[in-house]
Amino acid sequence: MVTGDRRGRRSAAPGRGTAAWALVAAVLAVLVGAACTGTAPEVVGNVRGDARLVDRVGGDVPSEEREDLEAVFEEAGVEGTFVLFDTGGRTATVVAPEEARRRTVPASTFKLVNSVIALQTGAVADVDEVVPHRGGPQPVPGWERDMSMREALPASNVPVYQEIARRVGHDRMAAWVDRFDYGNRAIGGEERVDRFWLEGPLEVSPMEQTAFLASLARAELPVEDRHLRAVREIARVDRIGDHALFAKTGWGGTVDPSPGWWVGWVEHGEDVHTFALRVYIEDESQLELRERLGRELLVELGVLPPEAAR
């Protein structure tokens, strides 16, 4: 368990004065950047090209800063941020914009990225292939067994996904993370291939999370469509009426400050909204706040119906 006062030890915040819409426009470079560099990942079958060339937004992305919604975090006693991106209207809503552009380790939210890469590279045959956890005691007893990705993603099984990362291998993983333009795109040396998303050096901001998720939800990543459909299937966590919710939690419990994530997207008819919530966890009892506060904000912003709140 990671405890203690995180706030006094955090690095200095970036300079103020940058408008929220400009921040969102910058991180949405995942959709508009130049062609990828470095080792080319292997590409098989029907793919859509480089993630940074898929959807040329063009110009600035309009954004609304909701300072009033910072009270959601204040009342819960945590420091946090939230980004909501309307993939159709190409607009964003940002709570605490300076924090929304700060990068931290993605922790288990990277399992969404890892799943896509594992399927595309053939590291696993499909989401139902059983992957060994390699034995040994785990902090979560439920992780102490072999699992398929269909089970391991909702269970957030760390050792199974570490084995999947080792199967992908350092070079292929580095190439795909670069191609997806995910966060700072840094995975470190070969010795970190099974923990770079937990301990660093990989880091991502909430704004960058929503940009990547937009490409995933809209099937615009440069991988085969069938793999995106498979990840979408195992990422769905709830259906509320005609709203479908896809999400993944994460907790960087071995780093300080300790980020707690809840990221994903909501589908309602033709509308798709991606979101990223991050709070700093000072005690394990606060972990439940990730999804609870995220649902509260999605309801407040009209993306989920009132009955979705917990």
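Which residues does Gln209 touch, not counting residues up to four places away in sequence? The points below take up that question and then move to other parts of the chain.

1. The structure is a predicted model, and the notes that follow should be read with that in mind. Gln209 is found in helix 9, and, leaving aside residues up to four places away in sequence, it touches Pro106, Thr109, Tyr182, Val204, Trp261, Val263 and Ala276. Gln209 counts as buried, because its relative accessibility is 2% and buried means under 20% relative accessible area.

2. A second residue to look at is Lys111, which is found in helix 4 (110–121). Lys111 is buried, with a relative accessible area of 1%, although lysine is listed among the charged residues. Not counting residues up to four places away in sequence, Lys111 touches Leu153, Ser156, Asn157, Val158, Tyr161 and Lys248. With one of these, Ser156, the side chain of Lys111 makes a polar contact, side chain to side chain, at 3.5 Å. The C-alpha atoms of Lys111 and Gly250 are separated by 9.0 Å, and these two residues are 139 residues apart along the chain.

3. Ser156 is placed in the loop between helix 5 (149–155) and helix 6 (158–168), and its phi is near 50°, which is a positive value in a residue other than glycine. Ser156 is buried, with a relative accessible area of 11%. Ser156 is also among the residues that lie nearest the centre of the largest pocket, together with Ser108, Trp143, Val158 and Trp251.

4. The largest pocket holds about 810 Å³ of space and is lined by 33 residues. These lining residues divide into 18 nonpolar, eight polar and seven charged. At least two residues of the lining come from each of helix 5, helix 6, helix 8, helix 10, strand 4 (236–240), strand 5 and helix 11 (289–300). Of the contributors, strand 5 gives the most, with five residues.

5. Helix 6 is largely enclosed by the rest of the structure, because nine of its 11 residues are buried. The buried residues are Val158, Pro159, Val160, Tyr161, Gln162, Glu163, Ile164, Ala165 and Val168, and what covers them includes helix 4, helix 5, helix 7 and helix 8. At the start of helix 6, a side-chain oxygen of Asn157 reaches to within 3.0 Å of the backbone nitrogen of Val160. Just after helix 6, Gly169 takes a positive phi of about 90°.

6. Helix 7, which spans residues 170–179, is mostly covered, with seven of its 10 residues buried. Those buried residues are His170, Met173, Ala175, Trp176, Val177, Asp178 and Arg179, and the elements that cover them include helix 4, helix 6 and helix 8. Helix 7 is followed by Asp181, whose phi is positive, near 55°.

7. Ala219 is found in the loop between helix 9 and helix 10 (225–235). Ala219 is partly exposed, with a relative accessible area of 23%, and this value is outside the buried class because buried means under 20%.

8. The bond from Gly200 to Pro201 is cis, with omega near 15°, and Pro201 is placed in the loop between helix 8 (196–199) and helix 9 (206–217). The bond from Asp256 to Pro257 is also cis, with omega near 5°, and Pro257 is placed in the loop between strand 5 (243–251) and strand 6 (259–268).

Key: Residues are numbered from 1 along each chain as its sequence is written. This is a predicted model: local features need pLDDT of at least 70, side-chain atom pairs count only at pLDDT 80 or more; totals for chains, interfaces and linings use all residues. Side-chain values use heavy atoms; hydrogens and water are left out. Helices (H or I, at least four residues) and strands (E, at least two) are DSSP runs, numbered from the N terminus. Buried means under 20% relative accessible area, exposed over 50%, partly exposed in between (1.4 Å probe, protein chains only). On a 1 Å grid over the protein atoms alone, a cavity is a set of points where a 1.4 Å probe fits but cannot get out, and a pocket is an open set with protein on both sides within 12 Å along at least five of seven lines; lining residues have an atom within 4 Å of a point. Grid points are joined across faces, edges and corners, and a volume is the space filled by probe spheres set on the points. Contact means heavy atoms within 4.5 Å. A polar contact is a pair of N or O atoms within 3.5 Å; within protein, one must be able to donate a hydrogen and the other to accept it, and residues adjacent in sequence count only if both atoms are side-chain atoms.
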